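Please find below a colleague's note on the structure, arranged as numbered points.

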Amino acid sequence: MKLRDELPLDHHLATVYRYGAGFCGLVLLAFAGLGFADALSPFDTAGDTIAGMTTNVALSIISTVVGLALLLGALIGGNFASTLNCVVGALFVLSGFAHLFVLDRPANFLDFGMTNVIFSFVMGLVIATFGMYGRVSSKLSHDNPYWVARHPEQAAKERDASAGPEPVESPYVRALPEAKRRRDGMR
């Protein structure tokens, strides 16, 4: 089963994915805007700080691209926003680990400091949480569209059980002539 096979369309969780992507995209754009306003050089590692984090123009450009991608996901919404949030959140966490290893080394061309690494971990977890909300849990409710998509047989049984028993036709009704049943509106 592919991930896309179990994503239901037009469900109430889509608003969570949309607002989460929009909020995180705006936070990243604000950080990028502050970085551009300080007019740092593209790969400067002098340690200038914006909002408590070190930055340079290259990091501001990356933040702008990712922020705009999240805003695009918020505009499109639905399953696209959910999947985008999961992917971007995972990339942020991976970026945090990668930059943790290059702190105080020449390979740290984005001028990451420990504050940036922590922000990357936190932002990644927040974005991924918005993407996985209502999708990933061991105790999804049985009316959750993801649970229904993952357990179609049990969902069908529960749907049939909630509909109640089918009406049983009595022997008397079966014995009535067809014409009389039609006239009386019986089936």
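1. Leu 70 is placed in helix H2, which covers residues 57-76. The model under discussion is a predicted one. With a relative accessibility of 0%, Leu 70 counts as buried, the cut-off for that class being under 20% relative accessible area.

2. Which residues are in contact with Leu 70, once its neighbours within four places in sequence are left aside? The partners are Ala 21, Gly 22, Cys 24, Gly 25, Leu 28, Leu 84, Asn 85, Val 88 and Ile 127.

3. Helix H3 (residues 78-101) and helix H4 (residues 114-132) form a pair whose axes come within 7 Å and cross at roughly 160°. Angles over 145 degrees count as roughly antiparallel, and H3 and H4 are therefore roughly antiparallel to each other. The handedness of the H3 and H4 crossing is left-handed.

4. On the H3 side, the contact with H4 is made by Ser 82, Asn 85, Cys 86, Val 88, Gly 89, Phe 92, Val 93, Ser 95, Gly 96, Phe 97, His 99 and Leu 100. H4 contributes Met 114, Val 117, Ser 120, Phe 121, Met 123, Gly 124, Leu 125, Ile 127, Ala 128, Phe 130, Gly 131 and Met 132. Sorted by class, the residues of this contact comprise 15 nonpolar and 9 polar, with no charged residues. Asn 85, Val 88 and Ile 127 are named in this helix contact and also among the partners of Leu 70.

5. The loop between H3 and H4 contains Asp 104. Although Asp 104 is not a glycine, its phi is positive, at about 60°. Is Asp 104 buried or exposed? Its relative accessible area is 82%, and Asp 104 is exposed.

6. As to the overall fold, the protein has 8 helices and 2 strands. Their order along the sequence follows the pattern α-β-β-α-α-α-α-α-α-α. Among contacts between residues at least 6 apart in sequence, 66% join residues at least 24 apart.

7. Regarding burial and surface, 37% of the 187 residues of the protein count as buried. The accessible surface of the protein comes to about 11500 Å². Carbon and sulfur atoms account for 66% of that surface.

Methods. Residues numbered from 1 in each chain as written. Predicted model: local features only at pLDDT ≥ 70, side-chain atom pairs only at ≥ 80, totals over all residues. Heavy atoms only, no water. Axes fitted to C-alpha atoms, helices over the stretch in contact; angles between N-to-C directions. Helix = DSSP H or I, 4+ residues; strand = E, 2+ residues; numbered from the N terminus. Parallel < 35°, antiparallel > 145°, perpendicular 65-115°, else oblique. Left-handed = near helix turned anticlockwise from the far one by under 90°. Contact = heavy atoms within 4.5 Å. Nonpolar A, V, L, I, M, F, W, Y, C, P; charged D, E, K, R; others polar. Buried < 20%, exposed > 50% of the residue type's maximum accessible area, 1.4 Å probe, protein only. Areas by Shrake-Rupley, 256 points an atom, 1.4 Å probe, with all protein chains shown as cover.
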